[in-house]
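The following note sets out points for a colleague who wishes to read the model alongside its sequence. The points are numbered so that each may be checked separately.

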Amino acid sequence: MNNGYEIKGCNECLQYIAYGTLPETRDLLSEIKQVWPGQDITIHVGSTEEYEFSHEPCQCCGSMLGGDRHQMFVTQGDVGMKMPKKK
Ligand SMILES: [Zn+2]
């Protein structure tokens, strides 16, 4: 199975990708599209466990807000975001 490459995403990206919950205070989808313009990718959540605290920008949406970063994987292919397959 191709797991793609690993990125670290913020909590709001995790909430969206894992549970489909979008924050009310920002346009997360537009921000993600700006990070991945025109790219045919799928972002998967690797682990919903707390990953690490970081002040690095979120690699999924580009947010500069410091906070927890979670493991995610980017694969080429389908448009949009999908939940990881249940084990
Ligand atoms: Zn993010």
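1. Strand 1 (5-10) and strand 4 (67-76) form an antiparallel pair held by 6 bridges. Two strands are taken as paired if DSSP finds at least two bridges between them. Within this pairing, Ile7 has Met72 of strand 4 as its bridge partner. This is a predicted model, in which local features need pLDDT of at least 70 and side-chain atom pairs count only at pLDDT 80 or more, while totals for chains, interfaces and linings use all residues. Residues are numbered from 1 along each chain as its sequence is written.

2. Strand 4 also pairs with two further strands. Strand 2 (41-45) runs antiparallel to strand 4, with 5 bridges joining them, and Ile43 stands opposite Val74 there. Strand 3 (residues 52-54) is likewise antiparallel to strand 4, through 3 bridges. In that pairing Glu52 faces Arg69 of strand 4.

3. The protein chain contains 2 helices and 4 strands, arranged along the sequence as β-α-α-β-β-β. Helices (H or I, at least four residues) and strands (E, at least two) are DSSP runs, numbered from the N terminus.

4. The pLDDT, which is the predictor's confidence in each residue from 0 to 100, averages 84 over the protein chain, and 83% of the residues score at least 70. Among the elements, helix 2 has the highest mean pLDDT (94) and strand 2 the lowest (88). Where pLDDT is low, the predicted coordinates should not be read in detail.

5. Of the 87 residues in the protein chain, 21% are buried. A residue is buried if 20 or more other C-beta atoms lie within 10 Å of its own, exposed if 12 or fewer, and partly exposed in between, with C-beta atoms placed from the backbone. In helix 1 (residues 11-19), the buried residues are Glu12, Cys13, Leu14, Tyr16 and Ile17. These buried residues pack against strand 1, helix 2 (28-35), strand 2 and strand 4. Just after helix 1, Gly20 adopts a positive phi of about 75°.

6. The largest nonpolar core has 13 residues, of which Cys10, Cys13, Ile17, Cys58, Cys60, Cys61 and Met72 touch the most other members. Helix 1, helix 2 and strand 2 each contribute at least two residues to this core, and helix 1 gives the most, with 4 residues. Such a core is a set of buried Ala, Val, Leu, Ile, Met, Phe, Trp, Tyr and Cys residues joined through C-beta atoms within 7 Å.

7. Which residues does Cys10 contact, leaving aside its neighbours within four places in sequence? They are Cys58, Cys60, Cys61, Ser63, Leu65, Gly67 and Arg69, where contact requires C-beta atoms, placed from the backbone, to lie within 7 Å. Cys10 belongs to strand 1 and is buried because 26 other C-beta atoms lie within 10 Å. The C-alpha atoms of Cys10 and Gln71 are 9.1 Å apart, although the two residues are separated by 61 positions along the chain.

8. Cys61 touches Cys10, Cys13, Leu28, Glu31, Ile32 and Val35, not counting residues up to four places away in sequence. Val35 lies in helix 2 and is partly exposed, because it has 16 C-beta neighbours inside 10 Å. With neighbours within four places in sequence left aside, Val35 is in contact with Cys60, Cys61 and Gly62. Val35 and Cys58 are 23 residues apart in sequence, with a C-alpha to C-alpha distance of 9.8 Å.

9. Is Gln39 buried or exposed? Gln39 is exposed, because it has 10 C-beta neighbours inside 10 Å. This residue lies in the loop between helix 2 and strand 2. The C-alpha atoms of Gln39 and Gln76, 37 residues apart along the chain, are 8.2 Å from each other.

10. Gly4 lies in the segment before strand 1 and is partly exposed, because 17 other C-beta atoms lie within 10 Å. Residues up to four places away in sequence not being counted, Gly4 touches Phe73, Val74 and Thr75. Across the protein chain, residues 24 or more positions apart account for 78% of the contacts with a separation of 6 or more.

Conventions:
Contact = placed C-beta atoms within 7 Å.
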